[in-house]
Amino acid sequence: MDELDETVEYEGAEAPARTRSVDAYGLRIDVKEWGDPFDPPLLLAHGGLDFARTYDRFAPLLAAGGWRVVAWDQRGHGDSEHATLGTWDADARDAVAVLDSTTEAPVPIVGHSKGGGLSMHLAEIAPHRISHVVNLDGLPSRRPVPDLPDHDRVRLLADEADRWLSFRRRAAGSVRRPGTLDELAARRGRMNPRLDPAWLRYLVTVGARRDADGWRWKLDPAIRPGGFGPWRPEWMLYRMKGLGQPLLGVLGLELEEMGWGTRPEDVEPHLPAVARFVPLEDTGHFVHIERPHLVAELILDFLGNPT
């Protein structure tokens, strides 16, 4: 069989029941949904360099618990449009656009890695829109990075925007390197060595496109790890104690390249008044992929009856 025609399946993985797009201030953001469209909504935010369909195995478990699961490809990721500029605040505005297109009522939000930090940020800046926060291995470690006054944050924004635009100009016209399905899966495997190779092959078929010369990840070539604007994840850790919503934090204790290197002692002093914190032994950064049923059960129990 020609590899370009190959269909890859993975046990428990389900394509979204519905797809749609949202106009986020002139940028098209692609949205995926699982579950009954009349069930209460739950937002699901992916991590950096990922895409919404990395939840193909996990989202159906939450949908089976009675939730309408709404995930979106962040700008420059998956099937969403690429943007000239990508910052943390732009990602937050895009998330609000998805939220506005979904419901006017407060909703729970679940986020992995960068998406976990983004979820806590949304809960802080729009507390009337977020009812519960679930952070899946997106709790940063406590590093000696002091908070900054507003005038220094403005300078950081200018510096970050200049670096981003300079990199964007250098990347103009570039495309991601093609490869076979197995080659792309192997590249991802070097970053995620704990994940099932069969799962990585499945991810290629839902997160890459098939061109005449092979497969290419859809990710914008100008996207870089940590390129989220003048935002330091440690700032959210310091302010986490002030969150007004119930928080569930799930932490994988096995260190991985894409993880934060966070230990329980980094997190525990900063937990808000209503919080549940679950460190998982023998589990890496992708807690919801390594242990989907356990993590889904933790979330469903934390959120309670969706009706």
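The side chains of Arg 216 and Asp 211 come together in a salt bridge, 2.9 Å from N to O; the term here covers a side-chain nitrogen of Lys or Arg within 4 Å of a carboxyl oxygen of Asp or Glu. Arg 216 is buried, at 10% relative accessible area (buried is under 20%, exposed over 50%, partly exposed in between, with a 1.4 Å probe and protein chains only). This is a predicted model, in which local features need pLDDT of at least 70 and side-chain atom pairs count only at pLDDT 80 or more, while totals for chains, interfaces and linings use all residues. Residues are numbered from 1 along each chain as its sequence is written, and side-chain values use heavy atoms, with hydrogens and water left out.

Across the whole structure, the search turns up 21 salt bridges. One of them pairs Arg 188 with Asp 50 at 2.6 Å, N to O. Arg 188 sits in helix α5 (residues 181-191) and Asp 50 in the loop between β3 (41-45) and α1 (59-64), so this contact ties together parts 138 residues apart in sequence. Helices (H or I, at least four residues) and strands (E, at least two) are DSSP runs, numbered from the N terminus. Both ends of the pair are tucked away: Arg 188 is buried at 8% relative accessible area, and Asp 50 is buried at 3%.

Arg 239 and Glu 124 also form a salt bridge, at 2.6 Å from N to O. Here helix α7 (residues 233-239) supplies the Arg and helix α3 (residues 114-125) the Glu, so parts 115 residues apart in sequence are tied together. Arg 239 is partly exposed at 27% relative accessibility, and Glu 124 is partly exposed at 29%. Elsewhere, shared partners link Arg 28, Asp 30, Lys 32, Asp 73, Asp 79 and Lys 218 into one salt-bridge network.
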